[in-house]
Amino acid sequence: MRRKLAAGNWKMNGTGDGLGELRTLSQSHSASAVDILICPPATLLHRAGAVLDGSGIATGGQDCHAAGSGAHTGDISAAMLADAGATAVIVGHSERRADHDERNDDVRAKAKTAMEAGLMAVVCLGESLAEREAANTLDIIAGQMSGSIPDLSTGENLVIAYEPIWAIGTGKVPTMEQIGEVHGFVRTRLDRRFGAGVARSVRVLYGGSVKPGNAGEIFAVPNVDGALVGGASLKADDFSPIIHALEDAAG
Ligand code: PEP
């Protein structure tokens, strides 16, 4: 069965001072019943890995370039992330799609490169508020899935994060029915494209304003295999109760 996953996205936050939070997390959650992934800024990957060494908590990047190497000043390749100790990378986050005009094709190319470098790609999908209000959510998700997810995806190298754009960093959360509808839809689309084996094994995370106070309810929704957490992953005091809620959901 799918192992649950709590993933933290630190975004452009954190310097060496923040590593103490990871020390605290590693003390509370080493050998956890769920997978835990921290995606700090790339500058901290190596030091984060050293702090988390032996805890079972993994590190990941927040983005990678679609090319393996070359003249791309300021960019980071999937192989560089792996070299810095990462085992995963987030691709297609809505902030990347908005700030860097990343399209589904770009996201698919990045995910493919990441998988070929041995990383697990956490592919983000999600509708805007206007799309939800126009009742277009499932069409948007279907298009993002067919455009952003590479053919070589498996349960080991792909995680999907459903993150409604309007819920990210806003404190707004969809109803549990809305989350369940999208997660069920994602599972059905995976089945149709990749077959039952892959559909059963790919983890589908929810992301968008997950907090200690709402995590338990979200984790009880069918087909929710964990969370991608932004703001609440920066402090161990906030992230730890979310992980505990996921551990409880894992039984
Ligand atoms: C995110 O950026 O992926 C995210 C879910 O952010 P937040 O938890 O802060 O809404």
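**Cysteines and ligand shell: exercises**

Cys124 is buried, at 2% relative accessible area; buried denotes under 20%, exposed over 50% and partly exposed the range in between (1.4 Å probe, protein chains only). The model is predicted: local features require pLDDT of at least 70 and side-chain atom pairs pLDDT 80 or more, while totals for chains, interfaces and linings use all residues. Residues are numbered from 1 along each chain as its sequence is written, and side-chain values use heavy atoms, leaving out hydrogens and water.

**Exercise 1.** Determine how many disulfides the structure holds, and describe Cys39 and Cys124.

*Solution.* 
1. For Cys39, which is in no disulfide, the nearest cysteine sulfur belongs to Cys124, 9.3 Å away.
2. Cys124 is likewise in no disulfide, and the sulfur of Cys39 is its nearest, at 9.3 Å.
3. Cys39 has a relative accessible area of 0% and is therefore classed as buried.

**Exercise 2.** Identify which residues come nearest to the ligand, and classify the shell around it.

*Solution.* 
1. By residue type, the shell comprises four nonpolar, eight polar and two charged residues; Gly counts as polar, and Asp, Glu, Lys and Arg as charged.

**Exercise 3.** Find the distances from ligand oxygen atoms to polar atoms of Lys11, His93 and Ser209, then state what share of the ligand surface the protein buries.

*Solution.* 
1. In Lys11, a polar side-chain atom is 2.5 Å from a ligand oxygen.
2. In His93, an N or O atom of the side chain is 2.8 Å from a ligand oxygen.
3. In Ser209, a polar backbone atom lies 2.8 Å from an oxygen of the ligand.
4. The protein buries 97% of the 290 Å² that the ligand exposes when taken alone (Shrake-Rupley method, 1.4 Å probe).

Conventions
Polar contact = N/O pair within 3.5 Å; in protein donor to acceptor, adjacent residues only side chain to side chain. Disulfide = S-S within 2.5 Å.
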